Amino acid sequence: MDRPTSDRDARLLLGALFVAALALRPQLVGIGPLLSTIRQHLDVSHSVAGLLSTLIVLCMGLLAPIAYRIVRRVGLRWTIALALGTISACGVGRALAPSAAAVIGLTIPVGVGIAVAQSVMPLAVRQSWSTRPLLATGIYAAGINGGAALSAALALPLAHAFGGWRGALGTFSVVTAGLLAGWLLLTCGHPPHAPPPQPLPRLPWRNPNGWLLVLIFSVVSIMYYGLNAWLPSALSEHGWSHPTAADVLTVTNAVTVPFMIALAWGGDRFGSRRFWLSLGSACGLLGVLGFVLAPAGGWLWATLVGASIGLLFPSMLTLPLDAADRPEDVGAMTAMMLFGGYSVAALAPFVLGALRDAAGSFTLGLWLIAGDTLIMLIVALSLTPARLARRSTDERSAVQGVRA
């Protein structure tokens, strides 16, 4: 698999990953502040509107295993370039689509692009930053959540400036085209692609660590995507104005970034995977319970949930690097984690919307997210070096010295 040819190119690759990562959430998180307006404009139910988030997250799960195959054919640089181009082009099409069916249909290729780009980023970390995995993972994870925060903050102003939700989604798509140009410029030092000799790895279905990673990724993603889809609408039910409720979602996403940067700087030096995962889970549980029991304190709860995601997301993305040695094995473990985790989490926006249609409020859905976050805390506290190092019979001799 193609690698940077120098330390300078490796550093540029890290910057390029950050730039590309900025494009991986606006088409998803930017929907949250606009979802009530989109639902009313397209004249659909809450559950159908939830598909605009559900389908992207589902693609991120179901299509994760194909990303490595694309890398083998065209290389890391062009795989991410094609993915960003797909997000941009289909995002413009979605913004211009005249009907609800067309808007929902064009959501699928947007999800394909996001899935492919995100799935191959851990391979780049393994190739060029294997000695500082949490640093590199934290940098591109900060890009992902920085893009999420910006899109949540700008969705309503862009809608007001450009004639509605279509103008906002179209602007996100045009900006993605600019990020594609930045990715190509920063990675011009990558050598021509040469396919690796190793066969495509199989997903590690018999590896208990693979299923552990699926569980962890599922419960965290349910919290994240459920809240990003419906939190502004849920707070509006408690008397918050819609613009102010959207600002609470912006805070949630913005707070993730400094916590990710702090974890990227110190996570490899201090604490352990269990410590950071447990701390993040505890913050998330307190924040979600706060939204349910005392919604007037939404700013505080948003800060806690943002801190939670900032600690959990890069820690989760680093786990495949702990559980595998070779880049292709990291890719297989990552693909299984994303495949299973996102496929389960994709149900969250749809289910929360359906519960809102049935119950008349989002309270029950928020209680479900609180229970989900409690599961994450229990799992995180149960992690030990011995548990994380478990392997199936044919893999036990392959990896030594895994740090939990």
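Q: Let me begin with one cysteine: is Cys90 buried or exposed?

A: The general idea is that a residue is called buried when its relative accessible area is under 20%, exposed when this is over 50%, and partly exposed in between, with a 1.4 Å probe and protein chains only. Cys90 has a relative accessible area of 18%, so Cys90 counts as buried. Keep in mind that this is a predicted model, in which local features need pLDDT of at least 70 and side-chain atom pairs count only at pLDDT 80 or more, while totals for chains, interfaces and linings use all residues. Residues are numbered from 1 along each chain as its sequence is written, and side-chain values use heavy atoms, with hydrogens and water left out.

Q: How many disulfides does the protein have?

A: A disulfide is a covalent bond between the sulfur atoms of two cysteines. The rule applied here asks for a pair of cysteine sulfur atoms within 2.5 Å, and by that rule the count is zero. Cys283, like the cysteine you asked about, is buried, and its relative accessible area is 15%.

Q: How many helices and strands are there?

A: Helices (H or I, at least four residues) and strands (E, at least two) are DSSP runs, numbered from the N terminus. In this protein there are 16 helices and zero strands. Of its 404 residues, 60% count as buried.

Q: What does Thr79 touch?

A: Contact means that heavy atoms lie within 4.5 Å. Thr79, which is found in helix H5, touches Ile70, Val71, Val74, Val116 and Val120, when residues up to four places away in sequence are not counted. With a relative accessible area of 1%, Thr79 is buried. For the protein as a whole, among contacts between residues at least 6 apart in sequence, 84% join residues at least 24 apart.

Q: Which backbone oxygen lies 2.8 Å from a polar atom of the side chain of Ser88?

A: A polar contact is a pair of N or O atoms within 3.5 Å; within protein, one must be able to donate a hydrogen and the other to accept it, and residues adjacent in sequence count only if both atoms are side-chain atoms. For Ser88, the backbone oxygen in question belongs to Ser173. Ser88 lies in helix H5 (residues 67–96) and is buried at a relative accessible area of 9%. Leaving out residues up to four places away in sequence, Ser88 touches Ser173, Thr176 and Ala177.

Q: Where is Trp240, and what is it in contact with?

A: Trp240 sits in the loop between H9 and H10, and it is buried, with a relative accessible area of 14%. Apart from neighbours within four places in sequence, Trp240 is in contact with Leu235, Ala245, Val248, Pro295, Ala296, Gly298 and Trp299. The backbone oxygen of Pro295 lies 3.4 Å from a polar atom of the Trp240 side chain. Trp240 and Ala296 are 56 residues apart in sequence, and their C-alpha atoms are 8.5 Å apart in space.

Q: Which residue forms a salt bridge with Glu237?

A: A salt bridge is a side-chain nitrogen of Lys or Arg within 4 Å of a carboxyl oxygen of Asp or Glu. By this rule the count is one, and Glu237 forms a salt bridge with Arg356, with the closest N and O atoms 2.6 Å apart. Glu237 lies in the loop between helix H9 (208–236) and helix H10 (242–266) and Arg356 in helix H14 (residues 347–359), so the pair ties together parts that are 119 residues apart in sequence. Glu237 is partly exposed, at a relative accessible area of 32%.

Q: Which residues make the nonpolar surface patch?

A: Patches are made of residues with over 30% relative accessible area and no salt bridge, where like charges are joined within 9 Å and nonpolar side chains (Val, Leu, Ile, Met, Phe, Trp, Tyr) within 5 Å. Accessible areas come from the Shrake-Rupley method with a 1.4 Å probe, and for residues only the protein chains shown count as cover. Here Leu293, Leu364, Trp367 and Leu368 make a nonpolar patch of about 420 Å². Helix H15 (residues 363–382) gives the most to this patch, with three residues. Leu293 is placed in helix H11 (residues 273–293) and counts as exposed at 61% relative accessibility.
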